[in-house]
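Please consider the sequence and the model shown below.

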Amino acid sequence: MTQTPGVTAPAYDVSQPLDIDFAGVFADITEEERAQQLAVRQFVQDEVLPVIDGYWERYEVPMDLVKRMAELDFLRDGVDVPGFPKISKMAEGLSAMEMSRGDGSVTTICGVQGGLALRSIVMLGSDEQIERYAGPMARGEILGAFALTEPTHGSDSVGLETSAVKETRDGVEGYVINGEKKWIGFGSIGDISVVWARHVGDGGDNAVHGYIVPQDTPGYEATTIQGKLSLRAIHQAHIVLNDVFVPADSLLPKSRSFKDTGRVLFATRLGVAWGAVGQAIACYETAVAYAKQRVQFGRPLAASQMVQERLTKMLSILTQMQLLVKQMTRLDEAEQLTGPQASLAKYTCTRGAREIASIARDLLGGNGILLENRVARHFADIEALHTYEGTESMQALIIGREITGTSAFA
């Protein structure tokens, strides 16, 4: 593995895939799904791992990797796009797992571009919007953002305050959008943003709708959020929309209420769980490689009972995570997956990834905080994964409502 310049390479190679499937969870996937998984793994080995530590440390977006992901058709996150081959939901999940094994920021790039922005347009847009944007976004020619979260509305995004008012300017019918958005991936360095706003004013229905807003539209001001210690190889933005005018055909016609926003988020939630599995795998691989080759007190760490117990615990958690995402994906393929089931997958897998990363960090001792050993980067990035697209607390309330039949939401 190529190391960050100026950093001495370790004697052990923590980057080699172990193809971990202790319980044979993925033994029955198709040849096409396995081929997709291995293609993403090869990309990670050859092109992501040699450079990602540097991008992460410099707080820089790897645009060369974004271009390559588009060339390899890894950027649309499994979304069906006319003219592109269909990909099964299992292959989509395996791709997210392998990409996350390389880096959480790179997976988030796919999730923002394909899973959220592109999916919003394909799922909720008009035929004309799909024709205009879907292909170019899949090819990486147009970079998109999904602008939902606001500075004062995160978990309660249904209460968003960004407004859209019908207005005619210079003979053109359209909407004037005002408000703020925060934590918006690609919101400051992309081309378009799918902005979610409440239709108010004369003729407004007070419902939430999606609008395609070019980022160079007058009044659209975006600032890259600084001081971020997680997912440092993708930029999130704080966006201020000040009398931003868009023509009427910018409205996503099938986005009729916040329920439609939720449909987009529901489709991505299981992918977050798969991403957690991938990051957990990376930490486990590093811990195994380190334990076998790190010698202390005259013997490898792997010969220690305490270390073997920790590795066993990590593998136990990881195997449970793999079983869960596979079963939930099978339900998704059968169109039987429910919202609470998707929430359980995210809740369980991000918690499990956190625990595995913590054990691996501890097992590596002081070396666990070095970027070259992968664990520190994943340790930090899993914290963002644990929070975005629904915090642990919100997932728990969704699941709890399903268990009890009683809503505890305020």
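The paragraphs below describe selected features of this structure, which is a predicted model.

A search of the whole structure finds 25 of them. One of these joins Glu 355 to Lys 313, with the closest N and O atoms 3.1 Å apart. Glu 355 belongs to helix 9 and Lys 313 to helix 8, which spans residues 305–333, so this pair ties together parts that are 42 residues apart in sequence. Glu 355 is partly exposed, with a relative accessible area of 32%. Lys 313 is likewise classed as partly exposed, at 38% relative accessibility.

The side chains of Glu 333 and Arg 330 meet at 3.0 Å, N to O. Both residues lie in helix 8, where they are three residues apart, about one turn of the helix. Glu 333 has a relative accessible area of 33% and is therefore partly exposed, and Arg 330, at 27%, is partly exposed as well.

Arg 351 forms a salt bridge with Glu 392, and the closest N and O atoms are 2.9 Å apart. Because Arg 351 lies in helix 9 and Glu 392 in helix 11 (residues 392–404), the pair ties together parts that are 41 residues apart in sequence. The relative accessible area of Arg 351 is 40%, which places Arg 351 among the partly exposed residues. Glu 392 is partly exposed too, with a value of 24%. Elsewhere, salt bridges that share partners join Asp 19, Arg 34, Arg 41 and Glu 98 into one network.

Which residues gather in a patch of negative charge on the surface? They are Asp 127, Glu 128, Glu 131 and Asp 249. Glu 131 has a relative accessible area of 69% and is exposed. This residue lies in helix 6, which covers residues 127–138.

The cysteines come next. How many disulfides does the structure hold? The number is zero. Cys 283 is in no disulfide, and the nearest cysteine sulfur, that of Cys 349, is 14 Å away. Cys 349 is in no disulfide either, the nearest cysteine sulfur being that of Cys 283, 14 Å away.

Asp 77 sits in the loop between helix 3 (63–71) and helix 4 (89–102). A positive phi, near 50°, is also found at Leu 231, again in a residue other than glycine. The location of Leu 231 is the loop between strand 6 (220–224) and strand 7 (236–247). Leu 231 counts as buried, with 3% relative accessibility.

Gly 339 is part of helix 9, which runs over residues 339–363, and counts as partly exposed at 30% relative accessibility. Gly 339 and Ala 267 are 72 residues apart in sequence, and their C-alpha atoms are 9.4 Å apart in space. The second pair involves Gly 174, a residue of strand 3 (residues 172–185). With a relative accessible area of 4%, Gly 174 is buried. The C-alpha atoms of Gly 174 and Glu 309 are separated by 63 Å, and the two residues are 135 residues apart along the chain.

Conventions
Residues are numbered from 1 along each chain as its sequence is written. This is a predicted model: local features need pLDDT of at least 70, side-chain atom pairs count only at pLDDT 80 or more; totals for chains, interfaces and linings use all residues. Side-chain values use heavy atoms; hydrogens and water are left out. Patches are made of residues with over 30% relative accessible area and no salt bridge: like charges are joined within 9 Å, nonpolar side chains (Val, Leu, Ile, Met, Phe, Trp, Tyr) within 5 Å. Accessible areas come from the Shrake-Rupley method with a 1.4 Å probe; for residues, only the protein chains shown count as cover. A salt bridge is a side-chain nitrogen of Lys or Arg within 4 Å of a carboxyl oxygen of Asp or Glu. Lys and Arg count as positive and Asp and Glu as negative; His and the chain ends are not counted. The place of a charge is taken as NZ of Lys, CZ of Arg, CG of Asp or CD of Glu. Helices (H or I, at least four residues) and strands (E, at least two) are DSSP runs, numbered from the N terminus. Buried means under 20% relative accessible area, exposed over 50%, partly exposed in between (1.4 Å probe, protein chains only). A disulfide is a pair of cysteine sulfur atoms within 2.5 Å.
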